[in-house]
Amino acid sequence: WLIQLKKFRARLGKIDRTALEAGDRLNYDYFARMLDSEIGMLELHNYRLPISKTGGFHTSYPDLYQFSPFDTTRDYENYLTRLRNLRVHFDEYIELMRHGLRTGFIPPRVTLEGVDKSLRAQIVNDPAQSVFYEPFKQFPASIGGVDQECLIEAAQETISSSIVPAYEALLKFLNEEYLPAARESIACADLPNGRELYRNCIAYFTTLDLSPEEIHATGQSEVRRIRAEMDEVIRETGFRGDFKAFIEFLRTDPRFYVNTPEALLKETGYLMKRIDGELPRLFKTLPRLPYGIRAIPDFSAPGQTTAYYFPGSGDGTRAGFYYVNTYDLKSRPLYEMEALSLHEAVPGHHLQLSLQQELSDLPDFRRFYNFTSYVEGWALYAERLGLEMGFYTDPYS
């Protein structure tokens, strides 16, 4: 992959940028930055740390059926082909992680906490209980009974012979090799060329030439600014007590929490429909692609964030989805749902990324590649738009 990207970069360098029209000069600059960013990260071998409690290949594959077509027998066969190759794919990742250990790419122990649980969730005795079996519980009318029986039999055999052994092998490697070798420190600087990798990450995610010290100073400044806003809001509530007491109140008062995952999803769904109704007032163009709401899967929820967004397909055949974490409801206060929903769904990630994908006059690398600083910057702006849309009337939110 690195070699291929470097070939693309060399070909790009042979194009006379000054001879291009304005639009293509922008395409040139965009493509150059994209290639340089990806090449820089690969050259520093960040891919040798492919797994953590927040995600990785071990949690992305169980969700594969959510993003695959299942309209024809061929679609099911394609899915099964992927599953049959999973054991080999996992073995290759295990070898990559062993190579990482040999070359100093040792993960912080804290980042591996809970990974074993997400792996055990995929080790089942009954194939029909596997999340990988979900597409075989219901078939479209176009697939006949005989084909259904064949596909079901193939799915059960594949889960038993490929999926379960793959996760068993990964769990064994995690417990016997990876966790025992993990380091107690968390600093990127403790990795090979770690300081250079950190600087490269800053450029990759911000597109700016900033030092770690400048990033840290910005963070401290922002904490002071935000803390001042928080103190003002606390005064508005009339709360009697210091800052620590107020935080404890927010974390423990039952008025801010629901008791069931269904209740959290319903509260979020109602909120999102209220936000939808405000969008035409602020935006002339809205995406054609809709979005839905899903709970973060149980196997990955303990290590995941409170919410995240997963884009829909570029051809419009699959909606975008706003994922809400319903695990540990005592840490999912309702007062954070307004800002989260505005950020993750609309007018945040879903609106921006869907419109970007729908710009069919742009080259694909501009429709589907994203710079984090822009994506997250837009989402932060979207949070602030909540003020103009009539939200945040409750001081706790």
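Predicted model: local features only at pLDDT ≥ 70, side-chain atom pairs only at ≥ 80, totals over all residues.
Q: Why are M337, E338, A339, L340, S341, L342, H343 and E344 in α12 called buried?
A: Buried means under 20% relative accessible area, exposed means over 50%, and partly exposed is what lies in between (1.4 Å probe, protein chains only). These α12 residues fall in the buried class, and helix α12 (residues 337-344) is mostly covered, with 8 of its 8 residues buried. Residues are numbered from 1 along each chain as its sequence is written, and side-chain values use heavy atoms, with hydrogens and water left out.

Q: What makes β3, β5 and β4 an open sheet, and in which order do they lie?
A: Two strands pair if DSSP finds at least two bridges between them. β3 and β5 are joined by 5 bridges and run parallel, while β4 and β5 (residues 320-324) pair in the antiparallel sense over 4 bridges. The 3 strands form an open sheet in the order β3-β5-β4, with mixed pairing. Each of β3 (291-295) and β4 (307-310) has a single partner strand, so one side of each is left without a neighbour in the sheet. From one strand to the next, the twist averages 20 degrees.

Q: How do you know whether β5 is enclosed or open?
A: Count its buried residues: 5 of the 5 are buried, so β5 is largely enclosed by the rest of the structure. G320, Y322 and V324 point one way from the strand, F321 and Y323 point the other way, and all are buried. In a regular strand the side chains alternate between the two faces of the sheet.

Q: Which strands does helix α11 touch, and what is the angle to β3?
A: Contact means heavy atoms within 4.5 Å. Axes are lines fitted to C-alpha atoms, for helices over the stretch in contact, and angles run from 0 to 180 degrees between N-to-C directions. Helix α11 (residues 261-282) packs on the sheet and touches β3 and β5, with its direction at about 165 degrees to that of β3. Helix α13 (residues 349-357) lies across β3, β4 and β5, at about 15 degrees to β4.

Q: Why is α13 called oblique to α15?
A: Angles under 35 degrees count as roughly parallel, over 145 as roughly antiparallel, 65 to 115 as roughly perpendicular, and the rest as oblique. The axes of α13 and α15 come within 9 Å and cross at roughly 135 degrees. That makes α13 oblique to α15. At the contact, H349, L351, Q352 and L353 in α13 meet Y374, V375, E376, W378 and A379 in α15.

Q: What makes a set of residues a nonpolar core, and which members of the largest one touch the most others?
A: A nonpolar core is a set of buried Ala, Val, Leu, Ile, Met, Phe, Trp, Tyr and Cys residues joined through side-chain atoms within 4.5 Å. In the largest one, of 39 residues, I51, F132, F136, L170 and Y178 touch the most other members. α7 gives the most to this core, with 14 residues. Leaving aside neighbours within four places in sequence, L170 is in contact with I51, F57, H58, F90, I94, M97 and L119. A second, separate core of 25 residues includes V324, A345, L351 and L385.

Q: How do you know that the peptide bond from V346 to P347 is cis?
A: Its omega is near 0 degrees. P347 lies in the loop between α12 and α13. Most residues other than glycine have a negative phi, and most peptide bonds are trans.

Key:
Helix = DSSP H or I, 4+ residues; strand = E, 2+ residues; numbered from the N terminus.
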